[in-house]
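Read each task, have a go, and then follow the solution step by step.

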Amino acid sequence: MPGPHAGGRRTEARVRTGRRAVVVGVVGAAGGVGASTLAALVARRLSRVTSTALVDLDRGAAGMDVVVGVEDVEGARWPDLSGAGGDVRGADVVALLPRWGACAVLSADRTRPTTVDPGVRLDVLHALACEVGALVLDLDRGTIVDGDAPLAACDAVVVAARPDLRSVAGALALRPRLDEAATTCGLVVRGGASAALGAADVGAASGLDVWHVARRDRALVARAERVGPGGRGPAARSADAVVRRLGIGT
């Protein structure tokens, strides 16, 4: 008898079938480590070299449209796609989405915090993956631990962390599902002068490769409040490092 997540795994496999998109997942080892911002910046960087969609899968967040500053831009959010299951055309989905520069954004809606049917979600991801060149997923830690995140569809998963015990514990909680998916994984560690641990300590304790170590971006929050994520600070350099790891446009 199939396990509780067998249907989800079969649908995840559809995301890979016949697709041309590189699929990158980003998740925080703990809250407040800047995972959503990193996902947005990776998508923005990829959108310079290929068609890109940034997809919000973090059910507990306010919405990726708020993160990138397009909350007032017209376009479909997840609740608007509730009937989009089955054979969905990626071009039709992309045409409905708001844009953040060159990047299409599929966000949750803070005014309609409804649950999206998992089958619809994965059908939409499959459609997007068949249409765009890169798909960046802002993943939810809870769904990863529960086994409901589309990790098997990802070519790589980036775990954002701080050099502290909370991030180590969070990364260890994610490890069983990451290992199960057999997906390439790496850490982006945001450092700090008073950090109790070093990035290498986080990598050694969690068993994940350290892909990049970034200084704390003190101007990031104020800048994001005004114009969304951007600039050439440490956070943007982290996104550049991830894209170099993926080998796209380099």
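A polar contact is a pair of N or O atoms within 3.5 Å; within protein, one must be able to donate a hydrogen and the other to accept it, and residues adjacent in sequence count only if both atoms are side-chain atoms. The model is predicted: local features need pLDDT of at least 70, side-chain atom pairs count only at pLDDT 80 or more, and totals for chains, interfaces and linings use all residues. Residues are numbered from 1 along each chain as its sequence is written, and side-chain values use heavy atoms, with hydrogens and water left out.

**Exercise 1.** Find the place of Asp-240, and say whether Asp-240 is buried or exposed.

*Solution.* Start with the helices and strands, which are DSSP runs numbered from the N terminus (helices: H or I, at least four residues; strands: E, at least two). Asp-240 sits in helix α10, residues 234-246. Next, recall the cut-offs: buried means under 20% relative accessible area, exposed over 50%, and partly exposed in between (1.4 Å probe, protein chains only). The relative accessible area of Asp-240 is 11%, so Asp-240 is buried. Finally, its side chain makes a polar contact of 3.2 Å with the side chain of Arg-45.

**Exercise 2.** Check the span of helix α2 and describe how covered α2 is.

*Solution.* The expected span of a helix is 1.5 Å times one less than its number of residues. Helix α2 covers residues 35-46, and its 12 residues should span 16 Å; the end C-alpha atoms are 16 Å apart, so the two values agree. Now look at cover: 11 of the 12 residues of α2 are buried. Among them is Arg-45, the residue whose side chain contacts that of Asp-240.

**Exercise 3.** Work out which strands pair with β4, and in which sense.

*Solution.* Two strands pair if DSSP finds at least two bridges between them. Strand β2 (residues 52-56) pairs with β4 in the parallel sense over three bridges, and Leu-54 has Val-105 as its bridge partner. Strand β3 (residues 99-100) runs antiparallel to β4, joined by two bridges; here Arg-99 is partnered by Ala-104. The hairpin of β3 and β4 has two residues between the strands, and Gly-101 takes a positive phi near 65° there.

**Exercise 4.** Which way do the residues of β4 point?

*Solution.* In a regular strand the side chains alternate between the two faces of the sheet. In β4 (residues 103-106), Cys-103 and Val-105 point one way, Ala-104 and Leu-106 point the other way, and all are buried.
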